[in-house]
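Subject: Model handover

Hi,

Please find the structure below. My notes follow it.

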Amino acid sequence: MATLTEAPPPLSPTAPAKTPPRRRGRLVPYWLLLPGILWLLVFFALPMIYQASTSVQTGSLEEGYEVTWHFATYWDALSEYYPQFLRSVLYAGSATVLCLILGYPLAYLIAFRAGRWRNLIMILVIAPFFTSFLIRTLAWKTILADGGPVVGALNTLHVLDVTSWLGMTSGDRVLATPLAVVCGLTYNFLPFMILPLYSSLERIDGRLHEAAGDLYAKPITTFRKVTFPLSMPGVVSGTLLTFIPAAGDYVNADLLGSADTRMVGNVIQTQFLRILDYPTAAALSFILMAAILVMVTVYIRKSGTEDLV
Amino acid sequence: MEQFEPDRPSPAQLAAMRRSLRNGRAAMTRRSLLRASAGGALAVGGLGALSACGIPAAGKSQGGEAADDLSAKEKTVSFSNWTEYMDVDDSGKHHPTLEAFTKRTGVKVKYTEDINDNNEFFGKIKPQLAAGQATGRDIIVLTDWLAGRLIRLGWVQKLDPSNLPHAFANLSQQFRNPDWDPGRAYSYPWQGISTVIAYNKKALDGVEVKSVSDMLDNPRLKGRVGFLTEMRDTIGMTLLDMDKRPEKFTDDDYDAVVARLQKAVDKGQIRRFTGNDYTSDLTSGDFAACIAWAGDVVQLKADSPDIDFLIPDSGYMTSSDNMLIPNKARHKTNAERLIDYYFEPRAAAELAAYINYVCPVDGVKEELAKIDEDAANNPLILPDQAMQAKSHAFRSLSSKEETAYEEKFAKLTGA
């Protein structure tokens, strides 16, 4: 975080060496780490090992599963379900871009222009979290119902003709189409975009804007050269917080989509709960994790932000 | 002059390597070396751990099946059921039939509505049952295919007929001999479920639907029909429509049904496959027609005059939800007494009057007529001869078949 800028200047090599702190003091960080480490060990590391093991097992419910190092499961899973993987990346990517387009102006407004409305708008951004994810998604089914006013208006304005042509909807409806799934994802993850954007915009020193103005920069140039680069940590962490959970989401595709909008999360759920093919489900989860890790690493490298937020 | 040695890096290269070890992010300090070796140890340990954690064979569950029966000492029984599957009084807090049972026998019922989905519930109780541990539940209610799987896996206890006189005497013929539990050695039905075609008159707008074929073929219903994610209901209804018998079908029949449905998915005829949430699609009119569970439709019909249902000439599917006593349950006798209680016509009638599913108990009609005349004459609750003749059950599947069929069905539904 920006607190890094307040770090003390490095000691010059000529400065007299400090007396080493007492031993007890040196252990304090480790004690502080302990609860977190234990938590991660029990609820992250162990399940990961268990899952990794499951992914290389073969067998069935009746005969039990044994570790046979059957790595072909990974290849089979990938070649069988790559369309769902691609779809997940596509939908999550579209939702992330939409979130950024919708969220940036709002975060900008809250940070610089909202004045005394700031707190109220912030509460409104967070308010959806007061009800359950599932209920909010189900509400979309009512809002976007075929005979409802939203779809009616979109039809009158011929918006649906355009989206149909783009392959995002089919016929005169929004529900059970890719558009509905992307909209659901965008809606559900929008606050995760706005909050980090806001926190990094809010920290920008207002005098920088004045300085840019004094140097005859037009507002658009000020934004392009000063504000946006300084908000990059917020953009990066916002896109990550949106993209990563959206890529693994299955609720939106399940409730708002149809058979041809299923994402990889749905496949994992089906494999695990219905078909009881635990190795394939575990392998799919690992492939998804690896794919996200690679994409995120490349993205962070490209965006040139080493410190997130 | 320096001699060129192919095997040895030049001094410049060596210097560069030393630099790279000392500086930058890959700097090889003592700490990072320690970390690396710890990582290596973790990795080695991890590999060991990986091969150590297989999943034991489900059928060979460790330990005995029964636990000590504490029924005489502890006058309780814990009953896990689906949501909205029990009579409730006006305050919404009391279950009259359960309270009558407690009053008569002194056995307190810990009633929990924690089953929402067969697959999810199986995932929930599987770890305990596979490891031969108690689930903390004395009665669970599961749909027949899952009940059959639990019996096959040896995870439920055989019932003691001497505690079940009413159940034995009053169980209707239709439910007596399911092929997954002949003679009801392990299970008794809680309620029967009929799968029918439901429709929204307003959304149909004059289109006539009489069969699954109409749903699949009529172009005016494109994108406005729904099928269930419950494989046996969707496939069963389509099998019947294609003149096949769900009690006795082959792999080829199954593939033919999947191909027929796949065609409808591909051309956008089927809007989506749903679980219980089809009710909202149907009432909003997004579904003009869908495969539905009759118990829901009776309730939807009461709320909205547009909703109705029909039974295709080719027949309809009936399944059941069944009470089972899982391994290691601590109050087996109490559980059996509770099961038996619901086969007394009076209790069965009170329950049937409240939840509109198929009542599996004979001799209920008179009792039910005293409470609700309409319900007593509703063939969906007490099926008459004509209804029973059209009712079909999905044959039980071997675990291999189940996996193969579920996989094909999952592909059909998109994943």
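Chain B splits into domain 1 (76–192 + 320–381) and domain 2 (193–318 + 399–412); the bounds come from an automatic or database domain assignment. This is a predicted model: local features need pLDDT of at least 70, side-chain atom pairs count only at pLDDT 80 or more, and totals for chains, interfaces and linings use all residues. Residues are numbered from 1 along each chain as its sequence is written, while chains are lettered from A and ligands numbered from 1 in the order in which they are written.

**Between the domains of chain B**

The C-alpha centres of the two domains of chain B are 27 Å apart. Across the boundary, 11 residues of domain 1 of chain B are in contact with nine residues of domain 2 of chain B (contact: C-beta atoms, placed from the backbone, within 7 Å). On the domain 1 side, β4 (187–200) and β9 (316–324) of chain B each give at least two residues. Helices (H or I, at least four residues) and strands (E, at least two) are DSSP runs, numbered from the N terminus. By class, that side of domain 1 has five nonpolar, four polar and two charged residues. Here Ala, Val, Leu, Ile, Met, Phe, Trp, Tyr, Cys and Pro count as nonpolar, Asp, Glu, Lys and Arg as charged, and the others, Gly among them, as polar.

**Chain B overall**

Chain B has 18 helices and 10 strands. Of its 415 residues, 40% are buried (20 or more other C-beta atoms within 10 Å of the residue's own, with C-beta atoms placed from the backbone). Among contacts in chain B with a separation of 6 or more, 76% join residues 24 or more positions apart.

**Between the chains**

The contact involves 34 residues of chain B and 36 residues of chain A. Several elements of chain B supply at least two residues each, including α2 (30–52), α4 (118–130) and β6 (270–274). The most come from α18(B), with five residues. The side of chain B that touches chain A holds 12 nonpolar, 15 polar and seven charged residues.

**Chain A**

An unreviewed UniProt entry lists residues 85–299 of chain A as "domain: ABC transmembrane type-1"; such annotations may be inferred rather than shown by experiment. That stretch of chain A is 77% helix and 0% strand, with its end C-alpha atoms 18 Å apart.

Mean pLDDT (the predictor's confidence in each residue, from 0 to 100) is 89 for chain A, and 91% of its residues reach 70 or more. Over residues 1–7 of chain A, pLDDT stays under 50.

Best wishes

Technical notes
Two residues are in contact if their C-beta atoms, placed from the backbone, lie within 7 Å. A residue is buried if 20 or more other C-beta atoms lie within 10 Å of its own, exposed if 12 or fewer, and partly exposed in between; C-beta atoms are placed from the backbone.
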